[in-house]
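Work through the exercises below with the sequence and coordinates open. Each task is followed by a solution in steps.

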Amino acid sequence: MTVSDAIVKLLLEGGGTPHDDEHFMKVWGYAHAIGMSEGLPERVQLSLEYAAVVHDIACPSLRKETGRCDARLQEERGGAMAVEFFRGSGLPPDLVERIVFLVSHHHTYEGVSGMDWRILIEADCIANAVEQGLALPEAALMYERHFRTRTGRAVMRAVFPGTGCPKP
């Protein structure tokens with residue numbers, strides 16, 4: 001299964017709303033661009049991109065079952081759903097294991113290890129900030145708390161000009 005195959009599969013079978021589909025596409029787009037610009041090794045780029053596609057895989061079912069899809073629930077339920085999503089995909093087991101880890105930790109901001117995890121957080125933060133219409137002070141605070149890569153910081157500054165987000 002290629003990343004494009006995963007995108008199409010999630011669009012066709014994911015059960016999400018148009019907002020869900022647009023969100024994961026934004027996160028995937030930001031993650032792809034940031035990872036490529038940062039020069040990630042191919043395997044790390046792949047884990048990042050697959051995880052970006054399915055990072056919110058639990059949201060549609062959580063909203064139906066509980067009426068909400070907060071970060072903790074997404075992390076608790078998303079990993080198992082990602083395992084099922086990639087069953088029979090032909091992806092190496094260690095790659096699926098890393099994708100599942102990333103899905104299960106995409107709202108965990110402490111102890112980040114690996115550029116795929118770091119960039120997934122940055123890409124999700126950019127998309128969430130835009131979708132939520134964050135005010136400039138909140139965007140600047142998000143920038144300081146969560147952005148570490150050169151490219152992620154540059155993209156956040158470009159998307160939120162005037163936030164006071166300092167240049168690296």
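Predicted model: local features only at pLDDT ≥ 70, side-chain atom pairs only at ≥ 80, totals over all residues.

**Exercise 1. The nonpolar core**

Find how many residues the largest nonpolar core has, and which of them have the most contacts inside it.

Solution. 
- Step 1: The largest nonpolar core has 42 residues.
- Step 2: Y50, V53, V54, F86, I99 and M156 are those with the most contacts inside this core.
- Step 3: Two or more residues each come from α1 (3-13), α2 (18-38), α3 (42-54), α5 (71-86), α6 (93-103), α7 (115-132) and α8 (136-146).
- Step 4: Among these elements, α7 gives the most, with nine residues.

**Exercise 2. Y50**

Decide whether Y50 is buried or exposed, and list what Y50 touches beyond its neighbours in sequence.

Solution. 
- Step 1: Y50 lies in helix α3.
- Step 2: The relative accessible area of Y50 is 3%. The cut-off for buried is under 20%, so Y50 is buried.
- Step 3: With residues up to four places away in sequence not counted, Y50 touches M1, T2, V3, A6, F86, L91, L95 and I99.
- Step 4: For the distance to D20, which is 30 residues away from Y50 along the chain, take the C-alpha atoms; they are separated by 16 Å.

**Exercise 3. The faces of α6**

Which residues of α6 are buried, and why do they line one face of the helix?

Solution. 
- Step 1: The buried residues of α6 are L95, V96, I99, V100, L102 and V103.
- Step 2: Viewed down the axis of α6, these buried residues fall within an arc of 160 degrees, so they line one face of the helix.
- Step 3: An α-helix has 3.6 residues a turn, so residues three or four places apart point the same way.
- Step 4: P93 and E97 are exposed on the other side of α6.
- Step 5: The buried residues of α6 pack against α3, α5 and α7.

**Exercise 4. The largest pocket**

Describe the largest pocket by its volume and the class of its lining residues.

Solution. 
- Step 1: The volume of the largest pocket is about 310 Å³.
- Step 2: The lining has 23 residues, and D20, H23, D56, C59 and R63 lie nearest the centre of the pocket.
- Step 3: At least two lining residues are supplied by each of α2, α3, α4 (59-66) and α7. The largest share, five residues, comes from α2.
- Step 4: By class, the lining has eight nonpolar, nine polar and six charged residues.

**Exercise 5. D116 and G29**

Classify D116 and G29 by relative accessibility.

Solution. 
- Step 1: D116 is in helix α7. Its relative accessibility is 4%, so D116 counts as buried.
- Step 2: Leaving out residues up to four places away in sequence, D116 touches V44, S47, L48, R98 and L102.
- Step 3: G29 is in helix α2. With a relative accessible area of 28%, G29 is partly exposed.

Notes. Residues numbered from 1 in each chain as written. Heavy atoms only, no water. Core = buried A, V, L, I, M, F, W, Y, C linked by side-chain atoms within 4.5 Å. Buried < 20%, exposed > 50% of the residue type's maximum accessible area, 1.4 Å probe, protein only. Helix = DSSP H or I, 4+ residues; strand = E, 2+ residues; numbered from the N terminus. Arc of directions from axis to C-beta. Contact = heavy atoms within 4.5 Å. 1 Å grid on protein atoms, 1.4 Å probe; cavity = no way out; pocket = protein on both sides within 12 Å on 5 of 7 lines; lining within 4 Å. Points joined across faces, edges and corners; volume = space filled by probe spheres on them. Nonpolar A, V, L, I, M, F, W, Y, C, P; charged D, E, K, R; others polar.
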